[in-house]
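Trainee: I'd like to learn how to read a model like this one. Could you walk me through it, feature by feature?

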Amino acid sequence: SNASPQPLSPSCDLACPTGSEVRGQTLYYKYDSSSTTLEPQIGDVRVQYFAMGMGPSRTVSVLAEQGDTTHLFPWASPYDEDYTVYEARVGTMTAARIFEAMRNENAVLTWGLRLGTLIMTVVGINCILSPVSQMAELAEVVPCKFSCRAMPFP
């Protein structure tokens, strides 16, 4: 990707939460005052901001809903309000091309998950049936104390 870390201001302004600290290009929010940036504790948060389009082409195409002149919000589908889209791509792209790229990525992910599920299913069935094959091998080793021939029905 063409993302690169962007420098943060060494002094947090009013937007930074209380207990946060800036080190290099990272904002650290300490959950507990006893933690440090060198020895983080469970609950500490590390935030980095990345900018897109920092290469030779500085054009970025965004698929979102424009709130006002300075804010973008996730676009809500008119068919399903729980489905939102907020996508940014490096370069000049139409909305149709962004949707097609997202559809292709989704298809690759879906087939990958299907293949992984098939492999896990085969492994699971093998694990479930392996005791049966072990019992069949054990039956060949154990000598039969009774008549092992089929008894005729009267």
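This is a predicted model: local features need pLDDT of at least 70, side-chain atom pairs count only at pLDDT 80 or more; totals for chains, interfaces and linings use all residues.

Trainee: Which residues make up the largest nonpolar core?

Mentor: In soluble globular proteins, nonpolar side chains tend to be buried together. A nonpolar core is a set of buried Ala, Val, Leu, Ile, Met, Phe, Trp, Tyr and Cys residues joined through side-chain atoms within 4.5 Å. Buried means under 20% relative accessible area, exposed over 50%, and partly exposed in between (1.4 Å probe, protein chains only). Here the largest core has six residues: L63, V85, M93, I98, A101 and M102. Helix α1 (residues 95-141) gives the most to this core, with three residues. Helices (H or I, at least four residues) and strands (E, at least two) are DSSP runs, numbered from the N terminus.

Trainee: Which face of strand β6 is covered?

Mentor: In a regular strand the side chains alternate between the two faces of the sheet. For β6 (residues 60-63), S61 and L63 are on the covered face, while V60 and V62 are on the uncovered one.

Trainee: How many bridges join β6 and β11?

Mentor: Strands of a sheet pair through backbone hydrogen bonds, either parallel or antiparallel. Two strands count as paired if DSSP finds at least two bridges between them. β6 and β11 (residues 87-90) have four bridges, in the antiparallel sense, and V60 has V90 of β11 as its bridge partner.

Trainee: In what order do the strands of the open sheet run?

Mentor: Three strands form it, in the order β2-β3-β4, with antiparallel pairing. The edge strands, each pairing on one side only, are β2 (20-23) and β4 (45-47). β3 (residues 26-29) pairs with β4 over three bridges, and Y28 stands opposite R46 in β4.

Trainee: Why is the pair of W75 and F99 given the label it has?

Mentor: Rings of Phe, Tyr and Trp (its six-membered ring) pair if their centres lie within 6.5 Å; planes under 30 degrees apart count as stacked, over 60 as edge-to-face and the rest as tilted. The count comes to one aromatic pair. The ring centres of W75 and F99 are 6.2 Å apart and the planes are at 65 degrees, so the pair is edge-to-face.

Notes:
Residues are numbered from 1 along each chain as its sequence is written. Side-chain values use heavy atoms; hydrogens and water are left out.
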